[in-house]
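Open the model in your viewer and keep the selection tool at hand. The stops below say what to select next and what is there.

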Amino acid sequence: MPSRKIDFDVVREIALALPGVEESSLHGAPSLKVSGRLLTCPAIHKSAEPNSLAVRIGFDQRAELMAAEPGIYYVTAHYVKYPAVLVRLDKIDRSSLRELLGLAWRFVSSKAKARKRGSRRRYAS
């Protein structure tokens with residue numbers, strides 16, 4: 001059976017299997033978030049290649065992915081200051097996408113937990 005083409009529907013299916021992921025929108029485009037924090041969305045900036053995905057990950061992780069698979073992972077000047085990597089959906093396989101979204105989920109979830117801890121400290125007297 002041929003593998004289904006990777007598009008945002010496949011991204012959504014994989015991401016929604018992760019705990020706490022919810023559908024949302026960002027600048028009119030569909031997005032997936034964890035505790036209100038962006039996990040992934042189509043790369044909508046004009047600098048991104050068509051059929052690309054923006055995925056939130058740490059800068060070190062991004063550098064490792066881009067060094068290992070430059071045909072799949074990249075970044076443009078617009079995205080370079082953001083903790084995110086761009087993904088060519090026509091080049092990535094389902095297993096690698098699942099791993100990447102798991103990595104992104106851990107990154108975003110750790111930021112969300114830190115934010116919650118910080119807000120509790122602020123209001124505790």
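Select Lys-81: is this residue buried or exposed? Lys-81 counts as exposed, because its relative accessibility is 73%; exposed means over 50% relative accessible area, buried under 20%, and partly exposed in between, with a 1.4 Å probe and protein chains only. Lys-81 sits in the loop between β5 and β6. Helices (H or I, at least four residues) and strands (E, at least two) are DSSP runs, numbered from the N terminus.

Residues are numbered from 1 along each chain as its sequence is written, and side-chain values use heavy atoms, with hydrogens and water left out.

**Whole chain**

Colour the chain by pLDDT, the predictor's confidence in each residue, from 0 to 100. The average is 90, and 86% of the residues score at least 70. Select residues 117-125 next: the pLDDT there is below 50, and the stretch has zero contacts in the model beyond near neighbours in sequence. A contact means heavy atoms within 4.5 Å. Where pLDDT is low, the predicted coordinates should not be read in detail.

Switch to a cartoon view. The chain has three helices and six strands, and from the N terminus on the elements run α-β-β-β-β-α-β-β-α. Of the 125 residues, 40% are buried.

**The sheet**

Select the strands. The six of them form an open sheet in the order β1-β2-β3-β4-β6-β5, with antiparallel pairing; two strands pair if DSSP finds at least two bridges between them. Which strands stand at the edges? They are β1 (21-26) and β5 (73-74); each has a single partner strand, so one side of each is left without a neighbour in the sheet.

Zoom in on β1 and β2, which run antiparallel and are joined by six bridges. Leu-26 is opposite Ala-29 in β2, and Val-21 has Val-34 of β2 as its bridge partner. The two strands form a hairpin with two residues between them, and His-27 in the turn has a positive phi of about 55°.

Move on to β2 (residues 29-34) and β3 (residues 37-42), an antiparallel pair joined by three bridges. Here Val-34 stands opposite Arg-37, and Leu-32 stands opposite Thr-40. This hairpin also has two residues between the strands, and Ser-35 takes a positive phi near 50°.

**Inside β2**

Five of the six residues of β2 are buried. Select Ser-31, which lies in this strand. Ser-31 counts as buried because its relative accessibility is 2%. A polar atom of its side chain lies 3.3 Å from the backbone nitrogen of Ser-25. That is a polar contact: a pair of N or O atoms within 3.5 Å, where within protein one must be able to donate a hydrogen and the other to accept it, and residues adjacent in sequence count only if both atoms are side-chain atoms. Not counting residues up to four places away in sequence, Ser-31 touches several others, including Phe-8, Glu-22, Leu-38 and Cys-41.

**Helices over the sheet**

Axes are lines fitted to C-alpha atoms, for helices over the stretch in contact, and angles run from 0 to 180 degrees between N-to-C directions. The buried residues of α1 are Phe-8, Val-10, Val-11, Arg-12, Ile-14 and Ala-15. At the start of α1, a side-chain oxygen of Asp-7 comes within 3.1 Å of the backbone nitrogen of Asp-9.

Select α2 (residues 59-68) next: this helix lies across β5 and β6 (84-88), at about 30° to β6.

**The cores**

Finish with Val-55, Val-87 and Leu-97, which touch the most other members of the largest nonpolar core, a set of 26 residues. A nonpolar core is a set of buried Ala, Val, Leu, Ile, Met, Phe, Trp, Tyr and Cys residues joined through side-chain atoms within 4.5 Å. The elements giving two or more residues to this core are α1, β2, β4, β6 and α3 (94-123). The largest share, six residues, comes from α3. A second, separate core has seven residues, among them Cys-41, Ala-48, Tyr-74 and Leu-86.

Methods: Predicted model: local features only at pLDDT ≥ 70, side-chain atom pairs only at ≥ 80, totals over all residues.
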